[in-house]
Each structure stands twice: as structure tokens, then as C-alpha cells.
Amino acid sequence: MQALTTRVKPVDRRPLTFVERLYIPSILKGMMITFKHIFKKKATVNYPEEKRPFSPVFRGLHILNRDEEGRERCTACGLCAVACPAEAITMEAAERKPGEENLYREEKYAARYEINMLRCIFCGFCEEACPKDAIYLTETFAPAHYERKGFIYGKPDLLIPDPKEKQTV
Amino acid sequence: MSTQQIIFLVLSAISLASAMGVILSKNPVTSVLCLILTFFTIAGHYVMLNAQFLAVVHIIVYAGAIMVLFLFVIMLMNLNADVEPQKRNWLKYAGAISGGTLLVIMVAALRDASMPSLQGGATEIGLIANLGKTLFHEYVVPFEVSSVLFLSAMVGAVVIGKKED
Amino acid sequence: MVIDWVFIVEKLALISGVLALSLGVAMYSTWGERKVAAIIQDRRGPNRAGFMGLLQPLADGGKLFFKEEIIPTNSHRFLFILGPSVAMLVACMTSAVIPWGDVLTIAGRQIPLQVADINIGILYIFGVVSLGVYGIMLGGWASNNKFSLLASVRAASQIISYELALGLSLIALLMFTGSLSLKDIVEQQRHGLWNIVYQPLGFIIFLVCAFAECNRTPFDLPEAENELNGGYHLEYSSMKLGFYLFAEYINMFISSALMASLYFGGYSFPGMDSLGLAPNLVTILGFVALFIKILLFLFFFMWVRWTIPRFRYDQLMRLGWNIMIPLALVNMLITGAIILARQ
């Protein structure tokens, strides 16, 4: 039969020799292997006390960005929702009313913006698709919840705090 | 009453009660357990006679090996009161008559038997060193013959087990 | 009749001491097992409850006590409860004849650190061990569960099969020592070489059979999780399950003590009589030496468990009947021949 891959290894099917049938040498070999592992470095990280450093390209929970004046950058163009392979993002657009210029940067903004963290695969395509630099993936995990509802993150959960308000506090 | 007598009475009472339990209990597993208890009390009697080797061998061979096999078979057959077939009446009468006859014979035989009083003081014959010397000096031929008997029984079992091949 | 009350108190104290020791060691064996498993698998093991997780056995015990007690409706109620009790009782009984140390002299009284020095010590152990299977069989049958029954049948046939080889390997040792008392055997090794030098093959057979008798990997077929959903204690919960698990660890402890006493000199250690220490100090050091040997054996039990996979059932039986028993017989013949030649 022709091999399906180039990495095929032939299996040795010769009958066992007498030394192999004694079984004791192979037991000793196995015992030595496990004994060596006693002195190896432990792979476990003591989680709450010590945390493993994230890799520089780690993608975690999303945030919605504001500009330096504290206005929401998102213009509800929907490119992130289109880019999302898991279809985790839903949004509703609304028009900016006069007098709201200090809240929203563009004339159109997202009245509702939800990401379902159970669907999200944290691929970061939304981040790449966004023309306004409005959505970013941070370096935190989505925490656990008792209900599915808790995994649907709305605008209040995603928006970063207003930099101006922070200064006043 | 000395301590020995008290122990003897208690052991005898337990062994009689458990021996009755063997034949009176409906559940075969309980029967087997009663039998094991009987063996233990008899081993206790052996210890009282200063025959420790006999006591331990009694427990190893009977309670530890033979009764395990008994229990094994009974568990696999899963006998209980529901599956027990209805016994015929004449079988019950036959059993009662033959059992009664045996009782009469035993009573008749034991009526005239005199009980030789045991000499006081512990005998040393039950200790393992003395027993071994006796077995291998005075009784070496019967001992070896009985081992041949066991061997033939073993060969028979192997032959039965190998019959299919 | 004069009753020696001091003697009774002395023995009672010794018995409770030995029992407490067995239970304590069994408790910490569970911790040790998890630690050994962890370090062999490059993990850390329990380290949350107390320093290095040393309070973990207490937490586990407490958990077992407070778990719901479930007795299946269609089980044989009395036997269901009797099973774990018998397992525990038998496991604790063996420790009576093991010499834990030499003689302590307190206020002019000679106190041997052995509960009972009977002249058939090894046979006693053998008898008690052969009863150990009842706990498993009763529990497995009384649960009224096919898997438990299968496991208990396996356990019974396995233990009976390996008992034979165990006994035969011991006979070779007894031919050599000429005594059935464990104390005598240890004393002989104190003044001569350890028995492992004279009986290496016998020791290996004894070791393998001890693994099988304790239902330890690679012979843990009665509790093969992936075939039997857990084994003979499948229907057990709460402390009754705890008793079964505990009995297994006590059996391990006792067989370690037995192997140390029979083949590795028991409480004797090199230089015991030549150092010129006080007799009581030597006794205590001897106990420590025995304990260290036992702990090494316990570690060995665990090390093997996390190395060697389980045997198949036919392989187990073939190993027991076709290899171990003939080997033990050969060992007996060789020992007999050597004893004859030296006379």
C-alpha cells in the first residue's frame, strides 16, 4: 500500500527476544524515566500568586476607545461586525443630535453595541477592520459568569472611562 | 470460674449459634458467612488447646481459601430465595428420616462413650516445631502419601480444565 | 490468679500506638501518593491546605465524613455495611505481630515493641491476609451491581492466585531462617547479613505478589476505572468508601513493614551493636530505621504506580500461575539444595 504521508514509520513487528520477554529491563528503563522526572522543573504556575506573562500578541477582552477629548470614536459603520467570523458583534446606529458633539466624534454613533463573549473567538479581526481605531483587544480574560446573559457585553462594559472625567476625580 | 472456662463457654456458644445459622438461614451467602464464623470459633478452640499452628492453618485453608471459592461460586450463581426451586414433599420426608436416623446412631454411639478427662497442663504438641518433628519422623509415610493424593487431585483438575483442547 | 495490670496497660498502649501509627501513615500516604504522582508528572501536587498541603488528608477525611451516605435500595443492607468494616478490620489486624523495635527498658520493665511475639507470626499474617479478600467480595456482591460483582470476582481470583506464589516465596525464606517468628527473623538479620542477600529471587517474587495482594498498579484490576466504572466500591459513598481506600493504604503500609522486616533487617541497622549507645537509644534508633525502610517501600509502591500501566486480566493470571509459582518453586529447590550442600 502506498504511504499517505512522507512521515510514515514502519512498526517493528519481530517477535520479542528473550531479554525483552523477561520484561524486567524495560520496567527498569521506565522506572528510571519517571525517576528522572522527579528532578525536572515543575510546569505548574501557582496561579493566583504568580501569573504567567502574556505574550506580546495576546488578544483578550475588547474595549471601545475614546479620543483624547473623551468622545466615542465608534461611528457604527459595521465593518467589525462584517469582519467577525464568529458573528459575535451586533450594533444599532443612531444619528448624533446637535449638542452631543462632546459625546460622539462623528455624526453617526453606535446606540447599542454588543459583543457576545461566548461566540467571540478573540481573533482580532474587528480590531483590524476598524477604520476609526475604535475597538481594541486588551490583555485580560473574560471572567466567568453563572448565566449566559453575563457574557453579552454592552456599551457600558466595553467603553473605556472618559479621560476627562478621570482627571476630575 | 477461671478465665479459660469463660472463654471456652463463649466460644462454644458462638460456634453452636453460627453452626445453626449455616443450616437455618435462607440466603446462601449468609450461610457461608455463618460457616466462616464457625471456622473462626473452632480456630479459637485450637488456640485454647495450645495448637496455634492448627488454628492458623485452619483459618488459612478453610476460611481463607476454600470458603472464598464457595462464596465465589454462590455469588456468580446469584442464588436467593426467589430462584430457589420448590422442593418436593417426599424429598423433605426422606431428608427428615435420614437425618433423624443419623441423630439416633450418634446418640447411641456417644451414650456409652466415656469422656477421658484431659490431663491438666498445657501440652506442647500443637506448637509448630513439635508438630513438624512428629509429622516428619513418626508419620512421614502417611504424610507423603496424602501429598500424593493431593497431587493426583490436582492433576485431575488440570485434565478437566484442559478438556476442550 | 494475679493479673499483671501493668502488662495489660502496656500492651493496650502499644496496640493503640500501633493502630494510630497505621492510621496516620495511611492518611499521609494519600497525601504522599498525590505528591509523588505530581512530582513524577512535573506538577506540584496539593499545596493549598496548610504548609505543602499537609492538612489535605484532614480536609479529605472531613469531606468524606460529611458526604451523603447512600445505600442502594436493592443491596443487601447488612453485608453492604459489613464489607468495608471487614476490609478495615483485617487491614488493622496484621500489625500485631510485626516487631516495631527491640526492647525498651522503662523503670526496670522490659517492654518489647511488638504486640504479640507468637511462634507462628508469618502464618498469622498469611491467615489474616487471606481474609482480606472477604471485605472486597462482600462489598462487591452486596452492592447488587454488575460492575462491582465483576470487580469482586476479579479481586478474589487475583488474590487467591497470588497468595500461592507469596506463600511459596516465603517458604524458601523460612527454610533458610528456620523460624516462623518475625522477631527471631529480625534478630538473625541483626547479627548477620540481611536476608535480601540470600533470597534475591524470593524477594522479587514476594514484592510482585505484595503488589497483587494490595491491588496496586500494575495489578489494580479490581478497581480498573476505565473497565468497571470504579470497581468493587462503585456503589459506596461517604466514609464507607473512605474505609475501603484507607484499608488499601494500611495494607500497603503493612506489606512495606513486612518486606522491611523479612528481607531488609527490620529494625536493625548497620553498626547497631558496635556503636556503644544506650540500649533505649538503640531501640528508638532501630524504630526510626524501620520507619525509614517502610517509607522507602511506600515510595516504591507509588513510584511503580505512576510508571507501569495495568496488566490485562489474562496476562495477570498467566504471570501468576505460569511464571510466579514455577519461579517460586525453583527458588525453593535452589534454597533447599544450598542448605543441604552446606550441612
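Residues are numbered from 1 along each chain as its sequence is written, and chains are lettered from A in the order in which they are written. In this predicted model local features need pLDDT of at least 70, side-chain atom pairs count only at pLDDT 80 or more, and totals for chains, interfaces and linings use all residues, while side-chain values use heavy atoms, with hydrogens and water left out.

The secondary structure of chain C consists of 12 helices and two strands, taken as DSSP runs (helices H or I, at least four residues; strands E, at least two) numbered from the N terminus. Of its 343 residues, 56% are buried, that is, under 20% relative accessible area with a 1.4 Å probe and protein chains only, where exposed means over 50% and partly exposed lies in between. Among contacts (heavy atoms within 4.5 Å) in chain C with a separation of 6 or more, 79% join residues 24 or more positions apart.

In chain A, UniProt (unreviewed entry) places the feature "binding site" at A:C74, A:C77, A:C80 and A:C130, an annotation that may be inferred rather than shown by experiment. Although these residues span 57 residues in sequence, no two of their C-alpha atoms are more than 10.4 Å apart, so they gather at one spot. Leaving aside neighbours within four places in sequence, A:C77 contacts A:K108 and A:P131.
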